[in-house]
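Reader: I would like to go through this entry with you. Could we take it topic by topic, starting from the whole and moving to the details?
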Amino acid sequence: MRRWIGIGIVMLLGAGAIVALFSSGNGESQGAKSSGTSATGGSARSAVVPGSSGADGVAPEPNPFDARTPSTTVPISGAKSVAQTPVGAAVPKLDSHVVKRATLDLAVRRGQLQTKFASANGIAAYLGGFVEASEESHGTATVTLRVPADQFEAALKQLSGLGRVTSRGERGDDVTSQFTDIDARLRNLSAQEGVLQDLMRQAKNIPDTITVQQQLSDVRQQIEELTGQRNVLDHQATYSTIALTMHAAGAVPAPPTANDRGTIAQAWHDAIGVTLAIFAGTIVVLGAVVPIALFALIGFLGWSLVRRRRARVAPAGI
């Protein structure tokens, strides 16, 4: 009996020792996990920093959800983060084409019109532009300037300093859609031209050659027309237009035109004009009729004289 009691005590002691060993191992594992937990109370992660070697000497994969991973995450509410969408190929931007126009009226001092006119031309040349047209009459000078589009505002500012601004207007027309349409049509026509050129090389008889040649000529004509339109639009968008008008103070105004007169004055002017026109026409008619009448009178007198002589000779002969 004592023997069996001893065996039981030994077995209980062995079981206690085994339980103690397992408990000690679990405690050490929990301690290791708690030491790897972030100080902010986040979820447990490996203590290996991305980019460094792990315990087995192999660098771990970067965690896209780790707040420490640069340029791939957007931090939200503390240490938590959400992965950002990878940036792919940039979407090509459509170039904008705007045709800019402006009108500018200036009042300048008397006697300085020529100087200001030359200064306006110099401003256009300095900014890389040119004078498209100019005119001066009755103390007023008008000039159309073309300046690069990126110098449009600078040109208006400098031109406004030449005198007192009495009127100013600006306008911009977006022709981007026209550029896009022309470019698409040019690509399509270029493809058609290539196909027709291949057919031209493969033509084996004269009728086929003539037919393909006519179609190729039509396509080439359309390409040239569209290319010309595109060049015109590109020039208008590249160089902005400024219509400048300068008036000299105290200048003699231009003579009034028909549109400037009142109704009664215009009617009186028209009546005088008609009367003068009739008188001038009468003079023209008389100038043509009088010589003819003189010649007719001379002829009539000559014929009468001959008739009288014949009448006198006839009784003497009887």
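Reader: What percentage of the residues of the protein count as buried?

Author: This is a predicted model. Of the 318 residues of the protein, 17% count as buried.

Reader: Of the contacts between residues at least 6 apart in sequence, what percentage join residues at least 24 apart?

Author: Within that set, 69% of the contacts join residues at least 24 apart.

Reader: Let us turn to H2. Which of its residues are buried?

Author: The buried residues of H2 are Leu 113, Lys 116, Phe 117, Ala 120, Ile 123 and Ala 124. Viewed down the axis of H2, these buried residues fall within an arc of 120°, so they line one face of the helix.

Reader: Which elements do the buried residues of H2 pack against?

Author: They pack against strand S3 (98-108), strand S4 (130-137), strand S5 (140-148), helix H3 (152-160) and strand S7 (239-248).

Reader: Which exposed residues sit on the face turned away from the buried side of H2?

Author: That face of H2 carries the exposed residues Thr 115, Ala 125 and Tyr 126.

Reader: How far apart are the end C-alpha atoms of helix H2?

Author: The end C-alpha atoms of helix H2 are 20 Å apart. At 1.5 Å a residue, the 14 residues of helix H2 (residues 113-126) should span 20 Å, so the two values agree.

Reader: What is the phi of Gly 128, which follows H2?

Author: The phi of Gly 128 is positive, near 90°.

Reader: A change of topic: how many salt bridges are counted?

Author: The count comes to eight salt bridges. As background, side chains of opposite charge can pair when their charged atoms come close.

Reader: Which residue forms a salt bridge with Arg 220?

Author: Arg 220 forms a salt bridge with Glu 193, and their closest N and O atoms are 2.5 Å apart. Arg 220 lies in helix H5 (residues 206-238) and Glu 193 in helix H4 (residues 176-202), so the pair ties together parts that are 27 residues apart in sequence.

Reader: Is Glu 193 buried or exposed?

Author: Glu 193 is buried, because its relative accessible area of 12% is under 20%. Arg 220, at 33%, is partly exposed.

Reader: What about Arg 168: which residue does it pair with in a salt bridge?

Author: Arg 168 forms a salt bridge with Glu 170, with the closest N and O atoms 2.8 Å apart. Arg 168 counts as partly exposed at 42% relative accessibility, and Glu 170 is partly exposed at 44%.

Reader: Where in the protein are Arg 201 and Asp 198?

Author: Both are in helix H4, three residues apart, which means that about one helical turn separates them. Arg 201 counts as exposed at 63% relative accessibility, whereas Asp 198 is partly exposed at 35%.

Terms used:
Residues numbered from 1 in each chain as written. Predicted model: local features only at pLDDT ≥ 70, side-chain atom pairs only at ≥ 80, totals over all residues. Heavy atoms only, no water. Helix = DSSP H or I, 4+ residues; strand = E, 2+ residues; numbered from the N terminus. Expected span 1.5 Å × (residues − 1). Buried < 20%, exposed > 50% of the residue type's maximum accessible area, 1.4 Å probe, protein only. Arc of directions from axis to C-beta. Contact = heavy atoms within 4.5 Å. Salt bridge = Lys/Arg side-chain N within 4 Å of Asp/Glu carboxyl O.
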